[in-house]
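Hello,

Here is the two-chain model for your files. Please load it first, then read the notes below.

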Amino acid sequence: MSSPKKILLVDDEEDFCFFAKGHLEMTGKFQVRTVHNGTDALKEARAYQPDLILLDIVMPDMSGDEVAASLLEDPKTQQIQVVFLTALASQEDKQQSSPLQNIGGRYFIGKPISKDALLEAIDTLLE
Amino acid sequence: MQKDTTSAKSSLSPFFSRKNNIFYIRLTITIVIAYMLVVESSSMLNARLAYVYVALYLGTNLIIPKLPEHYFHQKRFYYLLAAFDTFMIALGMYLIGQTDSYFFIIYFLIIGISAMSRNLKYLMLNTFMFIIIYGWIMYASGQLHGEQAAMYALRLPFIWVFALLFGYIIECVAHDINKNIQDLQESYHALVQSIDSPVFMLDSQCKLLYVNDKMLSELGVEEGQALNKYFSTFHSPEESKLFQSNLDNVLGKNEPTQFVSHNPDKDRWSLNVLSPVRDSTTGAIEAISAVSKDITENVKSERALRNAYDRLKKTQDQLIQKNKMEAVGRMASGIAHQIRNPLEIVVLGVEFLEELGYNKNELAQESINNIKSATHRANRIINDVLQFSRSSDFSFETADIRSLLEESLEFTQHKLTQANIQVTTSFKHNGLLVRADKTTLQQVFLNILNNAVEAMENNGNIHIQTYVQPFSQTEVSGVRGVNLSETSFDKYAVLGRRQGLSRLQQALRLCKDSPGNLMISLVELKVVAPQTEQSTSHLDEHCMRTIESRFVQSVRENDFVAHLTSNIFLCLLQDLPDEQTASRVGARILKTLTEPIVSKQQIHLSAFLGYTLFPNHGQDGKTVLKQAKSALDSARTDNQQIVGYQELNAQYSSKEENYPPNPTTISAGSGSSSDSWVVVEIEDNGPGMPKEVASNIFEPFYTTKQAEKGTGLGLSIASLIIERHGGHIELESKEGEGTKFRIKLLPADKGREIYEQSEKDTLGG
């Protein structure tokens with residue numbers, strides 16, 4: 001087994017971060033850091049250099065879209081894989097096989113998502 | 001009425017009553033005789049006899065007031081009285097014995113009485129008789145012999161001349177009166193003839209006593225052919241019967257009555273007013289007058305108006321319902337999104353507890369399971385709500401309704417067998433194609449089937465049938481969005497301009513909140529306001545400004561309803577008041593057409609409207625037309641069909657060289673065989689539902705099921721889906737007999753995407 005993959009979890013819901021981090025780290029495959037707003041996310045992304053960023057779309061200071069745009073502008077972070085977390089996804093599409101959706105080259109994970117589905121989606125992305 | 005005539009008469013009678021006049025004249029005679037008796041008593045032959053004479057004369061005069069008035073209008077009585085008085089005067093002269101006195105002057109008073117007869121012949125006869133008697137008296141008493149004979153003899157021609165003078169006056173008066181009566185008659189005749197409605201008079205047996213020219217021309221006969229004929233000779237038995245019964249009514253109640261009659265041959269409606277014609281003195285009904293006004297136009301317009309109103313009311317109700325659903329949907333989706341985040345925490349949290357090993361305890365495990373199923377349920381509700389509120393991008397394709405239904409049945413097969421429910425189907429036509437988003441439409445069928453199964457619980461029948469039903473007239477225009485065909489508008493072009501305008505203004509006040517309202521009103525204005533008057537000059541500046549701002553807003557917000565509204569307004573501007581306005585409007589249409597945010601359908605419709613409504617106005621009009629053509633071409637390459645596409649295109653090609661085209665010949669839509677619904681009926685014989693349930697069944701969150709079973713959104717979603725398909729869903733239910741859902745869908749070749757909204761990515765931030 002290779003070294004754990006680094007994941008940055010960005011969500012203003014601290015409780016969500018707590019549980020998601022718990023689930024991910026219990027697999028032993030991931031090392032997770034959490035931040036709760038966009039500004040911290042940009043700082044942490046540069047410092048931590050994660051393999052994957054889970055990014056909430058609706059946040060108080062700046063939206064996930066804006067964060068992603070800033071990440072792309074910075075050469076240090078532009079190669080990092082980003083996946084959006086959203087509560088706005090529709091049910092119909094989610095019923096179709098994977099919780100992970102690719103819309104216009106961007107990846108989305110719809111909330112609510114169960115532990116298994118979350119892990120499956122992340123595995124798919126990191127392969 | 002009766003009372004009035006009597007009182008009028010009594011107020012006139014003291015001055016004009018013949019009886020009174022005679023009474024007073026004779027009283028005067030008595031007084032004069034009595035005076036002469038006193039003055040000339042010395043020369044009296046027989047004084048006592050003279051007193052008896054005066055008493056007798058006074059006595060006869062006292063009887064006069066007791067006699068009824070009409071006696072004095074009877075010739076015989078009247079002449080007799082005058083003759084009696086003539087004789088009395090002669091007798092008086094004889095009794096007083098003063099044949100040479102001026103007593104004869106009293107005769108002039110008698111001439112007055114005679115003159116009241118207004119009969120010259122009689123007056124002269126009376127006078128002649130008196131002259132004979134008086135001449136004889138003078139002759140007998142010797143006045144005609146002697147030196148003063150000539151003076152006495154002259155009295156006779158003097159009386160004659162005096163009588164002639166009276167005669168001349170009464171003849172002149174009679175002539176004047178006759179002339180007045182004649183004039184009056186002529187003007188009454190002219191009045192009756194000038195009335196542009198049949199006016200006639202009937203007796204109690206419905207026999208025609210009088211008809212005016214209008215009536216004659218209506219009947220198509222000469223006056224001689226109509227008079228004294230029965231009403232029924234010229235009218236249908238039903239009409240005659242109605243007339244007779246109303247006539248009896250007038251006779252019975254002695255007051256006017258009015259009623260509406262219909263002539264089926266001429267399809268003519270009339271408002272008839274029957275009034276009693278009374279004798280001026282007695283007040284008895286002599287005949288019945290009738291005025292029969294043609295109200296065919298009014299009746300027809302009233303009907304058309306009612307139809308139009310019903311139609312508009314229906315449209316309005318639909319729009320209100322639509323707005324309501326949308327508002328509820330928006331709210332629901334907001335709430336749903338808010339709930340998803342905490343729900344996610346619960347989901348992950350419970351799983352985390354499980355992971356940490358807190359499920360060793362059996363009770364703990366059960367709790368965890370319960371929480372998990374509760375979150376699952378909550379999520380399902382949210383999904384329902386979201387689906388309800390979502391304007392999803394349906395992908396319409398041509399679908400065979402039969403196979404769709406059969407697939408849906410397959411999905412529910414398990415449930416159906418479990419509940420022991422029999423399904424019968426009758427598909428009248430094979431290969432009925434509809435325009436549908438297959439998945440969502442199937443969802444509707446599944447929902448209805450599931451409801452049926454749940455309602456019946458065990459043992460029951462479900463019957464499914466499909467058939468084709470032609471659009472009703474109102475649906476034709478409804479389905480076509482806005483039917484701009486002039487001919488159909490003309491049918492409703494019934495109301496006055498002013499009424500239409502006041503409604504428009506009213507609508508404009510409301511339009512800030514609801515563009516739909518404005519649209520209705522505009523259509524209504526177009527519908528009700530005939531083309532005959534100028535259509536814009538009455539629109540005040542305020543209207544124009546509001547429309548303009550609405551238009552700009554519509555383009556900015558991509559609000560298609562508002563956009564459509566503006567365009568419909570343009571259709572009211574067919575006779576634009578001046579070149580300047582014309583080019584302004586043209587520029588605006590052009591702007592819409594080139595606006596990138598407008599979807600293809602909208603371009604297309606704009607093109608259609610622009611082309612149809614705006615053909616006559618200069619350079620801008622021409623550009624609009626060009627733009628319209630290119631929009632049409634692009635629409636064709638995209639294989640998008642739209643209202644009246646082919647017709648319009650054909651029209652365009654044929655008229656291209658012949659610019660400008662005549663807008664009135666372009667009609668939206670066609671009478672093709674596809675003008676009909678594809679109807680699906682799903683009927684169960686379950687317990688049915690009470691009226692209040694049935695009327696609320698499509699309301700969001702309305703449910704009679706237990707909490708775990710449903711969210712109350714299923715049928716609301718179904719209704720929304722069907723509406724997005726351009727169809728209708730209806731419900732018929734009777735308690736104890738079952739429930740029938742009727743779904744009307746557009747056939748595949750009937751493109752209609754007017755109300756579809758191009759939704760952006762639903763996943764966007």
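Buried residues make up 43% of the 127 residues in chain A. Buried means that 20 or more other C-beta atoms lie within 10 Å of the residue's own; exposed means 12 or fewer, partly exposed lies in between, and C-beta atoms are placed from the backbone. This is a predicted model: local features need pLDDT of at least 70, side-chain atom pairs count only at pLDDT 80 or more, and totals for chains, interfaces and linings use all residues. Residues are numbered from 1 along each chain as its sequence is written, while chains are lettered from A and ligands numbered from 1 in the order in which they are written.

Chain A

Chain A has 5 helices and 6 strands. Helices (H or I, at least four residues) and strands (E, at least two) are DSSP runs, numbered from the N terminus. Their order from that terminus is β-α-β-α-β-α-β-α-β-β-α. Among contacts in chain A between residues at least 6 apart in sequence, 61% join residues at least 24 apart. A contact means C-beta atoms, placed from the backbone, within 7 Å.

Two loops deserve a look. A:Gln49 sits between α2 (38–48) and β3 (52–56) of chain A. Its phi is positive, about 50 degrees, although A:Gln49 is not a glycine. A:Gln49 counts as partly exposed because it has 13 C-beta neighbours inside 10 Å. The other loop lies between β6 (106–110) and α5 (115–126) of chain A and holds A:Pro112. The peptide bond joining A:Lys111 and A:Pro112 is cis, with omega about -5 degrees.

Where the chains meet

The contact takes 26 residues from chain A and 21 residues from chain B. On the chain A side, α1 (14–26) and α3 (64–73) each supply at least two residues. The most come from α1(A), with 7 residues. By class, that side of chain A has 13 nonpolar, 8 polar and 5 charged residues. Ala, Val, Leu, Ile, Met, Phe, Trp, Tyr, Cys and Pro count as nonpolar; Asp, Glu, Lys and Arg count as charged; the others, Gly among them, count as polar.

Chain B

Start with helix α15 (residues 438–456) of chain B. It has 19 residues and reaches 27 Å from its first C-alpha to its last, close to the 27 Å expected at 1.5 Å a residue. The expected span is 1.5 Å times one less than the number of residues. Buried residues of α15(B) include B:Leu441, B:Phe445, B:Ile448 and B:Ala452. An α-helix has 3.6 residues a turn, so residues three or four places apart point the same way. B:Glu457 follows α15(B) and has a positive phi, near 60 degrees.

The axes of helix α14 (residues 401–418) of chain B and α15(B) come within 9 Å and cross at roughly 40 degrees. Axes are lines fitted to C-alpha atoms, for helices over the stretch in contact, and angles run from 0 to 180 degrees between N-to-C directions. The residues of this contact divide into 9 nonpolar, 4 polar and 3 charged.

Two single residues remain. B:Ile25 is in helix α2 (residues 18–39) of chain B. B:Ile25 is partly exposed, because 17 other C-beta atoms lie within 10 Å. Not counting residues up to four places away in sequence, B:Ile25 touches B:Leu109, B:Gly112 and B:Ile113. B:Asn228 is in the loop between α9 (223–226) and α10 (231–234) of chain B. B:Asn228 has a positive phi of about 65 degrees although it is not a glycine. With 10 C-beta neighbours inside 10 Å, B:Asn228 counts as exposed.

Regards

Technical notes:
Two residues are in contact if their C-beta atoms, placed from the backbone, lie within 7 Å.
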